[in-house]
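Welcome! Take a moment to look over the sequence and the model, and then let us walk through them together.

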Amino acid sequence: MNYPYKLPELGYAYDALEPYIDKETMILHHTKHQQAYVNNLNGILENHPELQKLPLEAILGDLNVIPASIRQGVIDQGGGVLNHTMFWTMMSPRGGGEPKGALLEAIKANFGSFDAFRDQFTQTAKKLFGSGWVWISLNKDGKLIMSTTPNQETPLSEGMKPIMCFDVWEHAYYLKYQNRRPEYIDAWWHIVNWDQIDENYRKAE
Ligand code: MN3
């Protein structure tokens with residue numbers, strides 16, 4: 001993604017993920033939350049032409065390129081832009097079920113079975129304190145790593161290649177699920193876009 005940043009298309013209607021993710025949450029999450037990250041990031045970078053030339057992935061992949069005075073702002077707002085752009089592609093009205101092919105084999109090799117993987121991911125999301133994300137990434141050795149980040153941080157900044165992300169900020173589920181984060185997580189498995197995650201895996205390998 002490149003400066004000036006714009007709100008990305010969702011790729012489906014706001015109500016397409018019903019009943020698992022409600023229309024109102026999707027509208028707010030996209031047009032208010034992510035739009036704010038977009039606006040804030042553009043504002044922070046307004047007077048930094050050297051950073052405007054770099055793709056956002058490159059900036060967040062090497063935080064040392066960011067002047068110290070704006071570094072935290074770029075981490076927060078830039079992560080908010082990039083992470084949500086990826087998150088929308090993690091979901092599809094035709095999602096759910098289980099992964100196939102090379103991705104499934106990699107999941108089995110790293111986590112034992114798909115069920116074990118899903119359980120570990122679910123538990124990780126339930127336990128994440130405060131606001132943050134759950135990730136599946138490839139590390140430098142090409143191994144699948146499950147991790148969490150606080151706030152809007154991304155594993156890109158740790159030298160990993162994220163292929164799957166899950167937003168566990170309260171704004172992602174509070175309207176429909178209130179304090180019941182476990183229900184949101186259980187619902188999410190019904191709309192996970194395994195085709196996209198498989199594509200991300202093959203590109204990252
Ligand atoms: Mn969010």
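Predicted model: local features only at pLDDT ≥ 70, side-chain atom pairs only at ≥ 80, totals over all residues.

A polar contact is a pair of N or O atoms within 3.5 Å; within protein, one must be able to donate a hydrogen and the other to accept it, and residues adjacent in sequence count only if both atoms are side-chain atoms. Residues are numbered from 1 along each chain as its sequence is written, and side-chain values use heavy atoms, with hydrogens and water left out.

Now to the metal. The manganese ion is coordinated by His29 (NE2), His84 (NE2), Asp167 (OD) and His171 (NE2), at 1.9 to 2.2 Å. Donors here are N, O and S atoms within 2.8 Å of the metal (3.2 Å for Na, K and Ca), and sites may look incomplete, as water is not among the atoms. Along the sequence, the donor residues follow the spacing H-x54-H-x82-D-x3-H. His84 lies in helix H4 (residues 68-89) and Asp167 in strand S3 (residues 161-167), so this pair ties together parts that are 83 residues apart in sequence. Helices (H or I, at least four residues) and strands (E, at least two) are DSSP runs, numbered from the N terminus.

Are these two residues buried or exposed? His84 counts as buried, at 0% relative accessibility, and Asp167 counts as buried at 0% too. Buried means under 20% relative accessible area, exposed over 50%, and partly exposed in between (1.4 Å probe, protein chains only).

Let us step back to the whole chain. Its domain assignment, automatic or from a database, gives domain 1 (23-89) and domain 2 (101-204). Their C-alpha centres lie 20 Å apart. The contact (heavy atoms within 4.5 Å) takes 20 residues from domain 1 and 23 residues from domain 2.

Domain 1 and domain 2 bury about 1,600 Å² between them, 64% of it on carbon and sulfur atoms; buried area is the accessible area (1.4 Å probe) that two parts lose on being put together, summed over both. In domain 1, Asn83, Met86 and Phe87 lose the most area to domain 2, together 36% of what that side buries. Across this interface, eight residue pairs are in polar contact (both at pLDDT 80 or more).
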